[in-house]
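Let us take a walk through a protein model together, one piece at a time. Have the sequence and the 3D view ready.

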Amino acid sequence: SDKSNQPVRSDRSGFVQVRGAREHNLKNVDLQIPRDALVVFTGVSGSGKSSLAFGTLYAEAQRRYLESVSPYARRLFHQMPVPEVDEIDGLPPAVALQQQRGTPTTRSSVGSVTTLSNLLRMLYSRAGDYPPGQSIIYAEAFSPNTAEGACPQCHGLGRIYDVTEQSMVPDDTLTIRERAVAAWPTAWQGQNLRDILTTLGYDVDKPWKELSKKDRQWILFTHEQPVVPVYAGYTPAEVKAALKRKEEPSYMGTFTSAKRYVMHTFANTQSAMMKKRVTQYMLSTACPVCDGRRLRKESLSVKFAGLDITEMSRLPLARLYSTIQPYVVKKTTPDHDHPEKAIVTQRIATDLTARLEVLMELGLGYLTLERSTPTLSPGELQRLRLATQVRSNLFGVVYVLDEPSAGLHPADTEALLRALDRLKSGGNSLFVVEHQLDVIRHADWIVDVGPAAGEHGGQILYSGPPQGLSAIPDSLTRKYLFEENTAISHTPRTPRAWLQLKDVTRNNLQQLSADFPLGVFTTVTGISGSGKSSLVSQALVELVLQRLGQHRNEEDETDLLEQEAPATLEGYIATGMEHIKRLVLVDQQPIGRTPRSNLATYTGLFDHVRKLFASTKQAKARKYDAGRFSFNIAKGRCENCNGEGFVMVELLFLPSVYAPCPVCEGSRYNAKTLEIKYREHSIADVLQMTVNDAYAFFSEEPTIHHSLHVLKEVGLGYLRLGQPATELSGGEAQRIKLATELQRMGRGNALYVLDEPTTGLHPADVEKLMSQLNRLVDAGNTVIAVEHNMRVLAGSDWVIDIGPGAGEEGGKVVIAGTPADVARHSKSRTAAYLARHLK
Ligand code: ADP
Ligand code: ADP
Ligand code: ZN
Ligand code: ZN
């Protein structure tokens, strides 16, 4: 049984005792785990690690804590469901440092997340150099987000947004009826404005460019808002006649020019979607008053070390450190008017540098305070939060972390382990879900969950000090931890041709040239911040898309407002494009932003399932077509929730939350639709199945079976078909995209670009993933993956090592070659780690 592997302890005081844990797939397990230790939870994806660490231990700690606070404060937390567990003893309060799922909702920056910006503002306010005669400014006035600080011209945005005829009417060959004025609202509002123009006598069926300049200007820019009779559904001639007869109108409509609509929506809407939509029709330029520095003149006139606060916020953290560091010891010339200034300077400088040291130790010295968090990877964000905790001096707390090594090169992982050790020696416990062997080896205690995923997992295979795991035959983790030779078998391939990038300038890349081999599997590696994403996910992808005339998906676009300034891409492709017919970007961006999209709909699998339901005798008798089985179409879906299965509950002062629909109980369908059964299961039952269950269930349906097979192969067998996109991690979203592409495969000459595809994968799952990637290459395609996993590097055909350092110290190709070439290179920080994985 589970208990037999537990060391017997008489002294239980140093332990957390868990009895009867049943959350998700956990099989009523008991275990004990030490406090004040680094405990690592291991096991294949879907085995139940997170259900134990987050769903049970963290959820219970949070529940107990929230019981002690007021109902009002309770609502400020993202509450976890109450866990299914009999009893937990000895559990300290917990802090979760989980990776962000889906898109982050709050807008923040590195400076605000770490609270370093507050300190810096204090420094400028109390210890800055003021121009003669200027009085002291409060700290808030150094923030562009306050009325005291914001530049009055651009309101702290640093950019001025305006509209032109070109920006609002992108295609002037269209008529107004054909939506020439693209910036106007769509649907009813758009129709309303068109009808008003008809009443006003404008020709809505003439191409825009043939309208008179005066008319075009009025429609786009007028401040007038005439209220006129509207005859909905009438032709222009009928409207004319109706006006003449003074016929009773459908209603009275108010006109709004396109500029007025865009500017008003931009300034006032609460909806990020609306704001994003109108931003498309605006042009932005740096604010001439503050020169893009976002603050008012008085604030910018205060300097420290010769820089204004915006310039300081735009330094990489490592440079910020070296700028502030001298003031920790430096005796500033005594200021007779402000004798306290020297002391304040030293105190704040000491605090700032101590915090910056932790960030640099965690490999984040290349970030700037101004960098907005949505442009960070989930791993970077988690390490930022971790660094903030290291300096918080809490003790007696459990930190629960989710794969903190994600996005880290092995050289960075060593720094991560030092930070974890510091938290531990500060008197805290660490519960970490991890796959990377270097982190697992560093553990004081391992909890191995398994043996497989979903219902085939959920047992505690082992709980104890690392060495003891070697005696557990069922553990898949054991093999990778203790066996020497776990190299992935591989026959090296030779490139078919080369894709040559020249003169790429972007972020920290300066006039960089890089050659990517075609027809093989390439990995791009380097420490965090060295420039891998800038080169691969940005420059390579954008240059290839440009040449192919393809665009990025709407889903992949980050909020236009998050970009400080539109990045211009410099560089070109010299050779190789003739070998690329298609680019497929398989990244970690969410596959959808609402619960409406899910695993089954995204992969196209659901179309086949719906057809199957429509082909049953019962459905045919009732004349139900495949559309009936879609929760996006009125016919078959639950009317109360419009097929979402959830209803949105608005909370005062808080982001809204989703709750299961009371009418369909979350099934998404109306009762009539649910009466149709395929092999005794309704369409809603199918959405509840895991990929593994469905694989068995649809064994007689080759198309569906094949799709499910591919999903299993990329390590997603444990996911439910109806799992909402909003609940998926970045790694899961990426593997779903990959599986979708694998189903379509076969055409050849495609370029696949992946971003750390092993995120969230156990070493055993990594092997499956590799064989899928190899299939793509064997079918005549090219795969380029940003990756840190040395087993994957060792199993690839070509390695490009970016570096040597991060930020300004990186951005170069240190070496490119076969894994063996790279492993021998003396300047490469990857070499030593890679060498261990080559036979
Ligand atoms: P791991 O962390 O080991 O990858 P998880 O604990 O996330 O595994 O998942 C274990 C099992 O519980 C899987 O079968 C998964 O599909 C299921 N599961 C996870 N989250 C939920 C949820 N919110 N609702 C229902 N089942 C879930
Ligand atoms: P890696 O992928 O190797 O971790 P990146 O390409 O993300 O590295 O980053 C390289 C450098 O470019 C870093 O100094 C980083 O701060 C900077 N950088 C990356 N993306 C952005 C961005 N969107 N805005 C500003 N700077 C960026
Ligand atoms: Zn300004
Ligand atoms: Zn419903």
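Which residue in β22 does Thr523 stand opposite? Thr523 stands opposite Ala785. Before going on, keep in mind that this is a predicted model, where local features need pLDDT of at least 70 and side-chain atom pairs count only at pLDDT 80 or more, while totals for chains, interfaces and linings use all residues. Residues are numbered from 1 along each chain as its sequence is written, and chains are lettered from A and ligands numbered from 1 in the order in which they are written.

Strand β16 (residues 521-525) pairs with strand β22 (residues 782-786) in the parallel sense, over four bridges. Helices (H or I, at least four residues) and strands (E, at least two) are DSSP runs, numbered from the N terminus, and two strands pair if DSSP finds at least two bridges between them. Strands of a sheet pair through backbone hydrogen bonds, either parallel or antiparallel.

Now widen the view. Six strands make up an open sheet with mixed pairing, in the order β18-β21-β22-β16-β23-β24. At the edges are β18 (582-586) and β24 (812-817), each of which pairs on one side only.

Next come the helices. Helix α20 (residues 532-548) packs on the sheet and touches β16, β18, β21 (750-755), β22 and β23 (798-803). Helix α28 (residues 730-744) also packs on the sheet, touching β18 and β21. Contact here requires C-beta atoms, placed from the backbone, to lie within 7 Å.

Helices can pack on each other too. Two packed helices are described by the angle between their axes and the distance between the axes. Axes are lines fitted to C-alpha atoms, for helices over the stretch in contact, and angles run from 0 to 180 degrees between N-to-C directions. Helix α16 (residues 378-390) and helix α17 (residues 410-425) pack at about 35°, with their axes 10 Å apart. Their contact is made by Leu386, Ala387, Gln389 and Val390 of α16 together with Ala419, Arg422 and Leu423 of α17.

In another pair, the axes of α22 (residues 605-614) and α27 (residues 702-713) come within 10 Å and cross at roughly 150°. That makes α22 roughly antiparallel to α27, a term for angles over 145 degrees. Here Leu605, His608 and Val609 in α22 meet Thr703, Ile704 and Ser707 in α27.

Finally, look at ligand 2. Of the 15 residues around ligand 2, the nearest are Asn507, Lys532, Ser533, Ser534 and Gly807, where near means a C-beta atom, placed from the backbone, within 6 Å.

Note on methods:
Angles under 35 degrees count as roughly parallel, over 145 as roughly antiparallel, 65 to 115 as roughly perpendicular and the rest as oblique. Two residues are in contact if their C-beta atoms, placed from the backbone, lie within 7 Å.
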